Amino acid sequence: MINFSEVRQTNEMIEKENLDVRTITMGISLMDCIDSDLQVLGQKIYDKIYSSAENLVRVGEEISRDYGIPIVNKRISVTPVALVGGSACSSPEDFARIAQVLDKAAHDVGVNFLGGYSALVSKGMTKADRLLIESIPLALSQTELVCSSVNVGSTKTGIDMDAVRLMGSIIKKTAELTADRGSIGCAKLVVFCNAPDDNPFMAGAFHGVTEADRILNIGVSGPGVVKKALESVRGADFETLCETVKKTAFKVTRVGQLVAREASERLGVPFGIIDLSLAPTPAVGDSVADILCEMGLEYAGAPGTTAALALLNDQVKKGGVMASSYVGGLSGAFIPVSEDQGMIGAVDAGCLTLEKLEAMTSVCSVGLDMIAIPGDTKDTTIAGIIADEMAIGMINQKTTAVRLIPAAGKKVGDRVEFGGLLGCAPVMPVNGYGCDGFVNRTGRIPAPLHSFKN
Amino acid sequence: MQRAIITVVGKDTIGIIAGVCAYLAQNRINILDISQTIVQGYFNMMMIVDVTSLEKPFGQISEELAALGRDQIGVQIKCQKEEIFDLMHRI
């Protein structure tokens with residue numbers, strides 16, 4: 001039988017340490033909506049999303065009430081739109097009209113983001129892929145809830161450098177088109193290497209083509225809970241440290257598993273995976289950087305940061321896989337700058353640089369995330385940063401991503417305010433030396449060797 | 001049997017248990033176990049209850065209990081289904 005102290009511990013995690021289920025994301029396949037008439041396609045997409053997800057928000061709130069656990073976001077991911085819109089769209093503007101349909105559907109069912117305005121181009125771009133990518137700045141400037149992602153590389157295929165170069169310009173254009181709102185369009189645009197098909201987290205969620213018609217993926221969170229647990233083992237050896245992270249991750253994941261089971265039953269949609277990620281929010285006490293500091297670093301970014309993060313990431317997974325049989329998505333620690341008070345503090349203190357963040361991304365999910373850079377950064381420089389990050393993912397057989405915000409009109413030291421979960425970002429300096437000659441080469445970087453690993 | 005956990009926390013005053021129990025009785029909720037302490041004037045109670053024969057939706061019970069605590073007794077009352085605690089603390 002449950003005892004008093006266990007009940008108190010759970011409720012303290014919820015009330016004081018920001019334990020929550022970060023997102024219930026319903027993946028919806030749009031493959032059966034494909035039509036060569038744009039109008040018909042739009043209607044079919046709207047109808048499919050609406051009929052699949054009309055109860056999602058209500059059920060999320062019911063579960064939240066029944067168990068006393070906050071479920072912060074309810075979201076939708078759809079089949080990459082480049083695959084769905086190919087036969088109906090002949091211009092970027094046509095694709096942008098699909099984005100508007102998605103936005104309307106998302107508003108009408110009450111979710112707070114919809115992902116899948118995406119293209120998968122790790123080896124090459126079809127005409128539809130290229131049109132979709134070219135439409136991203138327009139689509140993101142005309143919509144509020146639509147998120148976009150482009151997968152430009154994988155361990156199996158190498159990196160499509162033509163897409164990387166194109167994305168450098170697209171990110172810049174998106175920033176300029178949404179300049180009046182702090183270049184917020186870029187906060188909803190991710191460039192991936194090895195993008196997972198079942199990621200529930202935004203902005204990179206899409207419903208992969210290998211998935212079922214509809215599926216529920218759950219993202220758990222809880223950096224505050226891990227931080228609090230580590231406070232009780234200050235100065236202890238690494239074994240104790242690891243055990244503590246593992247046990248905490250187990251508990252957090254079990255809550256996700258419960259919500260997943262309930263949501264799946266009540267909505268009649270099969271459960272897909274739990275994404276075991278420590279996802280910070282701008283709220284005080286909900287920070288991954290604070291966990292690193294609790295481990296003994298003065299600031300995130302100090303020497304030792306990569307090792308501490310590697311340990312954290314690995315232990316979270318080890319604890320989490322014990323708690324759920326279906327783990328997937330990104331699963332690891334997120335290190336977005338703007339969404340994490342501790343990261344922002346480290347940048348302000350001059351301790352955390354873009355280069356250190358890049359090193360950190362080689363041991364954790366996901367990548368260079370929510371980092372504001374000067375608005376006058378060259379397209380080719382952004383492409384160079386993307387290429388570096390994609391190379392880390394390709395060689396290490398992991399997901400990496402880039403979500404940079406070249407904040408229009410801002411310089412190093414300025415701040416960009418996004419509000420809500422997206423937080424606020426200090427503009428960070430970028431290495432100003434050129435890479436034009438490299439990124440302007442056309443073609444692909446070939447897939448890496450899978451042997452002789454050193 | 002469907003079980004739920006009710007926790008009551010707040011400044012001690014007359015009639016907390018009476019208030020909560022009267023509500024439970026009206027709503028056909030049977031109490032299976034109670035543990036209660038008072039530390040430095042602060043009242044802490046946990047109840048394990050049987051919610052199998054509820055006539056209202058569980059969410060409504062949970063909201064009404066929270067409102068009872070907030071508006072009438074002056075304590076915080078939470079009512080949660082038992083599984084969340086079970087799953088978190090038992091392998």
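How many residues of domain 1 of chain A are in contact with domain 2 of chain A? In this predicted model, 30 residues of domain 1 meet 31 residues of domain 2. The two domains of chain A are domain 1, residues 20–193, and domain 2, which is made of residues 220–249 + 276–437. Taken over C-alpha atoms, the centres of domain 1 and domain 2 of chain A are separated by 24 Å.

The side of domain 1 that touches domain 2 in chain A can be described element by element. Two or more residues come from each of strand 1 (21–28), strand 4 (146–154), strand 5 (158–160), helix 7 (161–177) and strand 6 (189–193) of chain A. Helix 7 of chain A gives the most to this side of domain 1, with 10 residues. By class, the residues of the side of domain 1 of chain A that touches domain 2 of chain A are 17 nonpolar, eight polar and five charged.

Two helix pairs within chain A may be considered next. In the first, the axes of helix 5 (residues 92–109) and helix 6 (residues 127–142) of chain A come within 8 Å and cross at roughly 45 degrees. Helix 5 of chain A is therefore oblique to helix 6 of chain A, and the crossing of these two helices is right-handed. On the side of helix 5 of chain A, the residues that meet helix 6 are A:P92, A:F95, A:A96, A:A99 and A:Q100. Their partners in helix 6 of chain A are A:L131, A:L132, A:E134, A:S135, A:L138, A:A139 and A:Q142. The contact of helix 5 with helix 6 in chain A consists of eight nonpolar, three polar and one charged residue.

In the second pair, helix 11 (residues 305–323) and helix 13 (residues 354–361) of chain A have axes that come within 9 Å and cross at roughly 30 degrees. This crossing of helix 11 and helix 13 of chain A is likewise described as right-handed. A:T305, A:T306 and A:L309 of helix 11 make the contact with A:K356, A:A359 and A:M360 of helix 13. The residues of the contact of helix 11 with helix 13 in chain A divide into three nonpolar, two polar and one charged.

Chain B contains an open sheet of four strands in the order 2-3-1-4, with antiparallel pairing. Its edge strands are strand 2 and strand 4 (76–81) of chain B, each of which pairs on one side only. Neighbouring strands of this sheet are turned by 15 degrees against each other on average, direction ignored.

The individual pairings in chain B show how this order is built. Strand 1 (residues 3–11) and strand 3 (residues 42–50) of chain B run antiparallel and are joined by nine bridges. Along strand 3 of chain B, B:M45 has B:V8 opposite, while B:M47 has B:I6 opposite. Strand 2 (residues 30–39) of chain B also pairs with strand 3 of chain B in the antiparallel sense, over nine bridges, and B:I31 stands opposite B:V49 of strand 3. Strand 2 and strand 3 of chain B form a hairpin with two residues between them. In the turn of this hairpin, B:Q40 has a positive phi of about 45 degrees. Helix 2 of chain B lies across strand 1 and strand 4 of chain B, and runs at about 165 degrees to strand 4.

Where do the two chains meet? 17 residues of chain A are in contact with 19 residues of chain B. Helix 1 (4–16), helix 3 and helix 9 (238–267) of chain A each supply at least two residues of the side of chain A that touches chain B. This side of chain A has seven nonpolar, four polar and six charged residues.

One helix pair spans the two chains. Helix 3 (residues 56–67) of chain A and helix 2 (residues 58–73) of chain B pack with their axes 9 Å apart, at an angle of about 55 degrees. The two helices are therefore oblique to each other, and their crossing is left-handed. A:E62, A:R65 and A:D66 in helix 3 of chain A meet B:F58, B:G59, B:S62 and B:E63 in helix 2 of chain B. The residues of this contact between helix 3 of chain A and helix 2 of chain B comprise one nonpolar, two polar and four charged.

Technical notes: Residues numbered from 1 in each chain as written. Chains lettered and ligands numbered in written order. Predicted model: local features only at pLDDT ≥ 70, side-chain atom pairs only at ≥ 80, totals over all residues. Domains from an automatic or database assignment. Contact = placed C-beta atoms within 7 Å. Nonpolar A, V, L, I, M, F, W, Y, C, P; charged D, E, K, R; others polar. Axes fitted to C-alpha atoms, helices over the stretch in contact; angles between N-to-C directions. Parallel < 35°, antiparallel > 145°, perpendicular 65-115°, else oblique. Left-handed = near helix turned anticlockwise from the far one by under 90°. Pairing = 2+ DSSP bridges.
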